[in-house]
Every structure is written in structure tokens, then in C-alpha cells.
Amino acid sequence: MKRALAAIVVLAVLAFPLVFARPFPRHVMIMIFLYGALATAWNVLAGYCGQISLGHAVYFGIGAYTSTLLIREAALTPWLGMPAGAALAVLVSQVIGYPVFRLRGHYFAIATIGVGEIVQTLFINWDWAGGARGLFVPIKRPDSLLNLQFHESKAVYYYIALGLLALALGVTHWLERSRRGYVFRAIREDQDAAASVGVHVAREKHVAIAVSAALTALGGTFWAQYVLFIDPESVFPLSLSILISLVAVLGGVGSLWGPVLGAAILVPLSEGTRVLLGGTGKALDLVIYGALIMLIAVFQPSGVIGLARRFRRDRRQATGAAQASSA
Amino acid sequence: MGFVYALVAAGLSLIFGLMELVNFAHGEFLMIAMYVAFFGWSLGGIDPVLGAPLGAVALAALGWATYHGVIRHILSGPMLAQIFATFGLAVFLRNMAHFVWGVDFRTVQDPWLSGRVSLGGVFVGLPQISASVAAFGAFLALYLFLSRTETGLALTATAQDRQAASLMGIDTERMFALGWAIGGACVGVAGALVAMFFYIYPDVGGTFALLAYVTVALGGFGNVPGTLAAGVVVGLVEALAGLLIPPAFKYSVVFLLYLAVVLWRPQGLFGRF
């Protein structure tokens with residue numbers, strides 16, 4: 001039953017572009033996949049390892065800039081730029097991790113905000129990398145998989161974004177069951193206790209941020225190829241870091257499907273209100289966002305997925321009680 | 001500017017010391033205080049200097065309402081819920097401001113205090129000077145309140161040990177609400193002072209809030225005099241960095257300073273941990 005349901009969902013997702021040929025529904029789905037993947041990547045560090053980073057835009061931006069600059073300077077295909085960006089993001093994450101992982105809780109969160117602001121300022125003032133004006137990805141026609149540019153249809157972008165999400169989910173799924181996943185969760189629950197039973201806390205945190213940064217950077221490269229224009233305001237802002245984490249928090253932190261669920265709720269909400277109210281300059285969608293996040297945090301800190309779990313448990317208890325009484 | 005940063009940060013520090021919770025909507029509180037001062041001036045003809053008490057009262061009410069509406073429910077929750085409840089509040093307030101007041105930059109025209117004065121050959125804007133004096137005064141008042149009055153001592157006691165305080169007959173629930181009200185009042189005064197010489201727009205809180213977090217973390221969370229010292233340090237570093245290197249980088253230097261300090265002393269310069 002459960003397996004059949006999963007198969008139906010997978011088939012529906014795969015067949016979606018065949019049914020919906022118009023760009024807008026496809027765009028919404030692509031954004032869901034992208035934000036789902038980014039939030040899943042964030043979840044590896046924050047959800048499982050308990051390190052609440054508010055600077056993940058750094059890795060997103062590095063992914064976007066690395067691949068784009070490699071196209072400009074070396075005419076390298078984004079398929080190679082993508083792993084290059086991920087590798088660079090891992091490197092940067094290790095450097096950043098060295099000071100910030102000494103901090104805990106709120107201090108850590110604030111330090112990551114600070115790092116994010118520094119990196120954004122550096123890129124705004126770095127003329128070789130486009131400075132504040134940003135970079136255009138050189139347009140290449142006709143559409144080709146090699147150049148990762150498609151001007152005629154969004155279908156291929158759709159499947160690539162889906163692939164990114166599947167990759168992020170696969171890594172998380174593997175992590176959830178591996179020894180390392182248990183170690184991460186031990187650090188989240190009590191870092192001192194974990195250290196006392198022989199966990200190398202600093203090393204494990206560096207592993208967590210490396211995985212998280214690499215996955216985030218892949219999303220950055222995809223974004224650059226999708227919109228074909230990047231600038232520090234769009235790929236490095238604090239608001240992006242916060243948005244990534246909000247998606248995960250809304251859906252449910254520290255669970256496999258939570259971030260995807262969060263993206264599936266927030267992205268249509270944001271795209272929908274943008275279309276309905278767009279151009280008025282009234283940020284009503286963000287007002288709703290803010291209120292929603294507050295409500296979730298106050299009433300259901302484990303996110304929407306916690307709500308679903310509670311509902312299922314209640315129902316199971318109800319049916320269990322009914323069976324007991326009939327017997 | 002250092003004293004103003006310190007005053008903005010003082011409210012944050014007070015709230016953190018009281019309940020180990022960072023108010024990520026603090027910058028938005030400041031933004032609202034600036035709007036209060038602005039509308040006091042444009043609608044009521046009240047100069048921002050006189051509007052400071054107005055801002056203090058309005059923001060104290062907002063702080064009190066925030067505590068009872070949101071914070072009370074998440075005190076015992078996980079840290080993640082605490083962070084995101086106040087983040088949600090920040091997003092909500094900021095975009096409400098977008099929605100209600102629009103994105104236009106507003107300024108207070110011709111405040112009573114304008115022009116500049118010469119201090120030993122250095123020209124400084126009169127609004128800036130009077131803002132820092134007033135901020136220092138407000139800070140002093142806060143410090144005296146905390147250390148000299150019975151209520152202030154009760155507040156400090158609650159910050160040090162919640163359970164012991166409640167055993168001594170202190171209504172900690174009331175103290176928390178009071179802490180939020182005072183934190184709001186600090187930022188209310190600061191907002192009115194800043195409104196004299198700064199543009200007022202919905203996103204204005206961002207920069208100030210970031211600096212306030214750095215200030216608080218630098219001074220040690222919950223340490224009010226430490227916050228004052230750290231505020232002055234941040235203000236000086238910002239001004240000096242603006243002189244010595246391209247001004248675009250001046251905030252980066254402040255953040256770098258913060259990272260350097262926490263590497264050496266994770267609890268901040270004057271933190272007690």
C-alpha cells in the first residue's frame with residue numbers, strides 16, 4: 001500500500017512536464033525542487049548536526065560564481081563547473097568552520113550571519129568577478145545539454161532540478177541510517193556528552209558542513225544556468241540564507257522529507273502571491289511567510305511533518321482503541 | 001554612533017541575559033521606532049528629540065505584546081523554535097512596513113537640532129552629537145535602574161537564576177514581560193534619536209540589527225555595561241575602518257573583529273559564561 005503510493009507519486013512527478021507544457025507550472029515545480037534540495041542540504045548541518053547556520057547563501061553563491069566564471073574564462077561546461085563549485089564550497093566551508101564551530105547556539109548563528117555579510121561585501125567589490133553589476137552567463141544557441149542552457153523549454157531544467165533534489169535526499173537518507181548520522185544526532189542533542197564517549201566533535205562538524213556546502217553549491221550552479229544572470233544581491237544575500245532555513249523549519253527539521261514538504265508549501269505560496277500581487281511592491285507574501293513561521297515555531301516546533309506525524313499517531317491510537325473495544 | 005549602537009544593543013542584551021533568547025526582530029523594532037518618531041514629527045509636529053519618550057512608550061508596548069503573544073509560548077521550546085519565532089516576527093514586521101508604509105525613503109526635515117559643531121577642529125553633525133549624548137544618558141538611566149532600584153535588582157536576580165528568584169518571591173513571569181518592555185523602550189529611544197539623521201525605510205533595521213548582534217556578542221550576552229563598552233568599540237572600529245580602507249568594507253571589518261574576538265574569547269570581551 002505504502003509502496004504503491006510512493007510509486008504513484010514518483011510516476012506523477014516524472015510525468016508532470018508531459019502533462020503541463022506551459023512554463024509557469026514547470027517553473028513552480030523547478031523552484032520547489034531547487035529550494036527542497038537547498039533546504040535538505042541545510043538540514044544535514046542544522047537538522048542532524050544541530051548547527052544552525054544562517055550563512056548558507058555563501059555556498060550557493062560560490063557554486064553560482066565558480067561555474068559562471070569557468071565558462072567565461074575557460075569555456076568549461078557547467079557540468080564540470082558544478083563539481084568545481086562544490087569542491088570550492090567545501091574548501092571555503094572548512095575555512096569558515098574553523099572559527100565558527102568553536103561557538104555554540106546563538107553565537108554560532110550570529111557568526112555565520114557575519115561571515116555571509118563579509119563574503120557578500122567582498123563579491124560586491126570584486127571587479128574581476130563582475131562586482132555589484134553581476135555576471136551574465138554567455139548565451140549559447142541552440143539548446144544543448146552540454147552547455148546546460150535551454151531557451152525553448154523548461155523540461156530539461158525540470159529533470160535536472162529533480163535530480164539535484166534526489167541526490168540531496170539520497171545523501172540524507174544514507175546519512176540517516178549510517179553510523180555518522182547517529183554521531184551527528186548525538187552532537188545535536190548534547191555536544192559534551194558526545195565528546196565524552198569519544199566522538200571527535202570538531203571533525204564531525206566539519207564533515208557535516210562539507211556535505212551541506214557541496215550540495216548547496218550544486219544548487220547555486222543550477223540557479224546560474226537557469227536564470228543566466230547572477231549578482232551578489234541575488235546569490236549572496238542574508239535573506240536567501242534565511243529563506244533556505246525557513247523552508248526546512250516550516251516543513252520539519254531533522255527529518256528526511258520535512259524540507260521538501262516545506263518547499264512544496266512555501267514556493268507555491270510565494271510564486272502564487274507574486275503573480276497575483278506582483279508589481280504592486282506590496283510584500284504580502286512575505287507578511288504571510290512571517291506569520292506562518294511564527295505560528296509554526298510557537299505551536300508546532302517540529303514543523304508540518306510533526307503535525308502529520310501527530311495526526312497519524314492519533315488516528316492509529318483511535319483505531320487501536322476501536323479494535324480493543326470491539327474485541 | 002557607538003553610544004547609539006550600545007543603546008540598540010542594550011535591549012537585546014537585557015532580553016538575552018534574562019531568558020537566553022536572541023530577539024532577531026530587534027532591527028525591526030528599531031525600524032518601527034523610527035517610523036513612530038517620523039509620524040510623530042509629520043503628523044503631530046513633534047520633533048524627534050521630544051519624540052524619544054513617545055518611541056520608548058510605543059516600543060515598550062510592542063515588546064510587552066511580543067512577550068505575551070509569542071515569546072511566552074516558546075521559552076521552554078527548542079532553540080530552533082526560539083530563533084525562528086523571532087525571525088518570523090522580523091519578516092512579518094518588516095514586510096508589514098513594506099505593505100503599510102511602502103518602500104519610499106523618508107527623512108525628518110529640519111529637526112530642531114541641525115548643523116554641525118566643531119570639536120577640537122573636527123566637525124561633527126549636531127544631531128549625531130546630541131544623539132550620542134542622549135543615548136549615553138538613556139544608557140546610564142538603564143544602568144542605574146538595574147543596579148539601584150528594587151525592581152531592577154529583581155530583574156537582575158531573575159537573569160542570574162530564574163528558579164532562585166522565583167523562590168525569593170519574585171514574579172519571574174512579570175519580570176520577563178518587564179524585560180521585554182524595557183528592551184523595547186531602549187530601542188524606542190534609540191530609534192527616535194537615529195531618525196534625526198538617518199533615512200527611514202522598512203529595511204533600515206537590517207544593518208543596525210547586525211551591528212547590534214555583534215555588539216552584544218562582543219560585550220558578552222546579558223552583560224549591560226559590557227554592551228556599552230562593546231558599542232563604543234564597534235562605533236570606533238567602524239569609523240576608523242571607514243577612514244583607512246574603502247568605506248564599502250567597513251562593516252566587514254566589524255564582523256572580522258567579532259570573529260577574531262570570539263576565536264580568542266568565545267564568551268565575548270566581558271562575558272561571564
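The legends below describe close-up views of a predicted model.

Residues are numbered from 1 along each chain as its sequence is written, while chains are lettered from A in the order in which they are written. Local features need pLDDT of at least 70 and side-chain atom pairs count only at pLDDT 80 or more, whereas totals for chains, interfaces and linings use all residues, and side-chain values use heavy atoms, with hydrogens and water left out.

**View 1. The interface of chain A and chain B.** In this view 39 residues of chain A are in contact with 42 residues of chain B, contact meaning heavy atoms within 4.5 Å. The two chains bury about 3700 Å² between them, 84% of it on carbon and sulfur atoms; buried area is the accessible area (1.4 Å probe) that two parts lose on being put together, summed over both. On the side of chain A, the residues that lose the most area to chain B are His106(A), Tyr107(A) and Ile110(A), which together account for 20% of what that side buries.

**View 2. The side of chain A that touches chain B.** Helix 4 (78–100), helix 5 (105–124), helix 11 (238–251) and helix 13 (284–299) of chain A are the elements that give two or more residues to this side, helices being DSSP runs (H or I, at least four residues) numbered from the N terminus. Helix 5 of chain A gives the most, with 13 residues. By class, this side of chain A has 29 nonpolar, seven polar and three charged residues, where Asp, Glu, Lys and Arg count as charged, Ala, Val, Leu, Ile, Met, Phe, Trp, Tyr, Cys and Pro as nonpolar, and the others, Gly among them, as polar. Between chain A and chain B the count is zero salt bridges, a salt bridge being a side-chain nitrogen of Lys or Arg within 4 Å of a carboxyl oxygen of Asp or Glu.

**View 3. The second largest pocket.** A pocket is, on a 1 Å grid over the protein atoms alone, an open set of points where a 1.4 Å probe fits, with protein on both sides within 12 Å along at least five of seven lines, and its lining residues have an atom within 4 Å of a point. The second largest pocket has a volume of about 1400 Å³, a volume being the space filled by probe spheres set on the points, which are joined across faces, edges and corners. Of the 31 residues that line this pocket, Ala6(A), Val9(A), Leu169(A), Leu256(A) and Trp257(A) lie nearest its centre. Helix 1 of chain A gives the most to the lining, with eight residues, and by class the lining has 23 nonpolar, two polar and six charged residues.
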